[in-house]
Amino acid sequence: MGFCFGDITKVDTSGASVNTARQDKLTVQGVEASHKLAEHDLMRLNHYKELITQVGLKHNLDPAIIAGIISRESRAGAALDHGWGDHGNGFGLMQVDKRYHQIVGAWDSEEHLSQGSAILIGFIGQIKAKFPSWPKEHQLKGGISAYNAGAKNVRTYEQMDVGTTGNDYANDVTARAQWFKGQGF
């Protein structure tokens with residue numbers, strides 16, 4: 001099935017940084033680390049698989065991308081305290097920031113996943129407008145980076161993760177999403 005925002009499997013990625021890999025005390029970095037982090041979240045993510053797939057289809061957004069963001073943002077819920085993370089600013093599996101968005105639904109609900117997906121799609125649109133000559137896959141990766149640090153932070157394709165959490169956000173999410181794609185997301 002083709003999704004209108006590009007094919008996540010065709011997005012180049014360097015994966016997770018050493019710091020991100022340290023979350024799970026990994027001795028590897030890069031794509032291998034992202035895949036291991038994703039694998040550690042798979043059991044929890046499978047609990048939400050049907051919901052993620054449903055929301056992905058509703059928004060014409062690859063469910064693997066939603067899964068990648070959920071894995072990175074909340075470790076599929078494991079990093080949350082009653083649905084909250086980021087010092088009480090981030091809400092839900094996709095960590096919607098209450099400082100910039102009105103929170104909707106329960107932390108693990110369809111409403112929440114739809115809101116997070118719509119926010120991501122909005123950022124992909126901003127990157128598309130900012131860099132109209134970029135291929136779809138580059139715009140998709142730029143949108144993923146912007147989901148973490150805003151569209152203003154994306155200045156070049158090569159350096160889009162500079163200024164994101166861990167300076168690897170889009171690369172890590174992309175690698176995780178690619179791994180989840182192989183797991184049926």
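Me: Why is the pair Asp86 and Arg99 called a salt bridge?
Reply: The term asks for a side-chain nitrogen of Lys or Arg within 4 Å of a carboxyl oxygen of Asp or Glu. In this predicted model, the closest N and O atoms of Asp86 and Arg99 are 3.7 Å apart. That is within 4 Å, so the name applies.

Me: What does this pair tie together?
Reply: Asp86 lies in the loop between β1 and β2, and Arg99 in the loop between β3 and α5, so the bridge ties together parts 13 residues apart in sequence. Helices (H or I, at least four residues) and strands (E, at least two) are DSSP runs, numbered from the N terminus.

Me: How far can I trust such values, and how are they numbered?
Reply: This is a predicted model, in which local features need pLDDT of at least 70 and side-chain atom pairs count only at pLDDT 80 or more, while totals for chains, interfaces and linings use all residues. Residues are numbered from 1 along each chain as its sequence is written, and side-chain values use heavy atoms, with hydrogens and water left out.

Me: Why is Asp86 called partly exposed?
Reply: Buried means under 20% relative accessible area, exposed over 50%, and partly exposed in between (1.4 Å probe, protein chains only). Asp86 has 42%, so it falls in between.

Me: What makes Asp86 a residue to look at in the UniProt record?
Reply: The unreviewed UniProt entry lists Glu73 and Asp86 for "active site". UniProt positions are given in the numbering used here, feature names are shortened, and annotations may be inferred rather than shown by experiment. Glu73 and Asp86 also belong to the lining of the largest pocket. A pocket is an open set of points on a 1 Å grid over the protein atoms alone, where a 1.4 Å probe fits, with protein on both sides within 12 Å along at least five of seven lines; lining residues have an atom within 4 Å of a point.

Me: Where is Glu73, and what does it contact?
Reply: Glu73 lies in helix α4. Contact means heavy atoms within 4.5 Å. Leaving aside neighbours within four places in sequence, Glu73 is in contact with Leu93, Met94, Gln95, Tyr147, Asn148 and Tyr169. With the same exclusion, Asp86 touches Gln95, Asp97 and Arg99.

Me: How do you know whether Glu73 is buried or partly exposed?
Reply: Glu73 has a relative accessible area of 22%.

Me: What makes β1 an edge strand?
Reply: The open sheet has 3 strands in the order β1-β2-β3, with antiparallel pairing. β1 (84–85) and β3 (96–97) each have a single partner strand, so one side of each is left without a neighbour in the sheet.

Me: How do you know that β1 and β2 pair?
Reply: Two strands pair if DSSP finds at least two bridges between them. β1 and β2 (residues 90–91) have 2 bridges, so they qualify. Gly85 stands opposite Gly90 in β2.

Me: What makes Lys181 and Asp62 a salt bridge?
Reply: Their closest N and O atoms are 3.0 Å apart, which is within the cut-off. Lys181 is in helix α7 and Asp62 in the loop between α3 and α4, 119 residues apart. Asp62 is buried at 3%, whereas Lys181 is partly exposed at 29%.

Me: Why are Arg72 and Asp168 called buried?
Reply: Arg72 has 9% and Asp168 has 2%. Both values are under 20%, so both residues count as buried. Their side chains meet in a salt bridge (2.9 Å, N to O). Arg72 lies in helix α4 and Asp168 in the loop between α6 and α7, so the pair ties together parts 96 residues apart.

Me: Which residues form the salt-bridge network?
Reply: Shared partners join Asp24, Asp41, Arg44, Arg72, Arg75, Asp168, Asp172 and Arg176 into one network. The whole structure has 10 salt bridges.

Me: What makes a set of residues a nonpolar core?
Reply: They must be buried Ala, Val, Leu, Ile, Met, Phe, Trp, Tyr or Cys residues joined through side-chain atoms within 4.5 Å. The largest core here has 45 residues, and Ile70, Ile144, Tyr147 and Phe180 touch the most other members. α5 (110–130) gives the most, with 7 residues.

Me: How do you know whether Leu61 is buried or exposed?
Reply: Its relative accessible area is 0%, under the 20% limit, so Leu61 is buried. Leu61 sits in the loop between α3 (49–59) and α4 (63–74). The C-alpha atoms of Leu61 and Cys4 are 7.3 Å apart, although the residues are 57 apart along the chain.
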